[in-house]
Amino acid sequence: KFDQKITLFKNEIITLIESHDITVISAEKESQYKQAFTQDKLAEYGDRNHAHYEFIRQGIAGADAVVFEASYEDFRVGHEATLSLMYEKPILVLSQLIDYGQYIYHEKFIGKKYSDKKELKRIVEDFLAVVKKLSDKESY
């Protein structure tokens, strides 16, 4: 039941971001994600796991900012968050269980705990405003 709730919130996050005319690259977007597994991609990367990794890595590398829903602690998501910071991307990590902002100290990292759609919307929109403001500056 919690899995279904998190999936609904992931979809809500995507919808919120896209409502600002921002392109979202996500494994949650099925038609986009399927493109990572074409015969050419599988031949290039050797297997589905490597193709998945490259889809995520290239998405992060090309992004202006990165948002994760991390209610489930996951080593892979942690690695992807680290990649985001290595690529110097502003990052928002959302969770219904943990405020990761209390544990991770980095100028481009924001961690927030949320409990409902209203709070989620406020947090995501505040993050997008920060990213927009920072992108208007010459450097961040």
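**Note on the predicted model**

1. Tyr-105 is exposed, with a relative accessible area of 71%. Exposed means over 50%, buried under 20%, and partly exposed in between (1.4 Å probe, protein chains only). Tyr-105 sits in the loop between strand S2 (91-95) and strand S3 (109-113). Helices (H or I, at least four residues) and strands (E, at least two) are DSSP runs, numbered from the N terminus. A polar atom of the Tyr-105 side chain lies 3.1 Å from the backbone oxygen of Gln-102.

2. A word on the basis. This is a predicted model, in which local features need pLDDT of at least 70 and side-chain atom pairs count only at pLDDT 80 or more, while totals for chains, interfaces and linings use all residues. Residues are numbered from 1 along each chain as its sequence is written, and side-chain values use heavy atoms, with hydrogens and water left out.

3. Now the sheet. Three strands form an open sheet in the order S1-S2-S3, with parallel pairing. Strand S1 (66-69) and S3 stand at the edges with a single partner strand each, so one side of each has no neighbour in the sheet. The twist averages 15° from one strand to the next. Two strands pair if DSSP finds at least two bridges between them. S1 and S2 pair over four bridges. Val-66 has Ile-91 in S2 as its bridge partner.

4. Helix H5 (residues 75-86) packs on this sheet and touches S1, S2 and S3. Contact means heavy atoms within 4.5 Å. The direction of H5 makes about 165° with that of S1. Axes are lines fitted to C-alpha atoms, for helices over the stretch in contact, and angles run from 0 to 180 degrees between N-to-C directions.

5. Which residues touch the most other members of the largest nonpolar core? They are Phe-68, Ile-91, Val-93 and Phe-109, in a core of 20 residues. Helix H4 (48-62), S1, H5 and S2 each give two or more residues to this core. A nonpolar core is a set of buried Ala, Val, Leu, Ile, Met, Phe, Trp, Tyr and Cys residues joined through side-chain atoms within 4.5 Å. A second, separate core has 16 residues, among them Phe-9 and Leu-128.

6. Two loop residues deserve a look. Asp-21 is not a glycine, yet has a positive phi of about 60°. Asp-21 lies in the loop between helix H1 (2-18) and helix H2 (30-34), and is exposed at 76% relative accessible area. Glu-88, also not a glycine, has a positive phi of about 60°. Glu-88 lies between H5 and S2 in a loop, and counts as exposed at 55% relative accessibility.

Key:
Polar contact = N/O pair within 3.5 Å; in protein donor to acceptor, adjacent residues only side chain to side chain.
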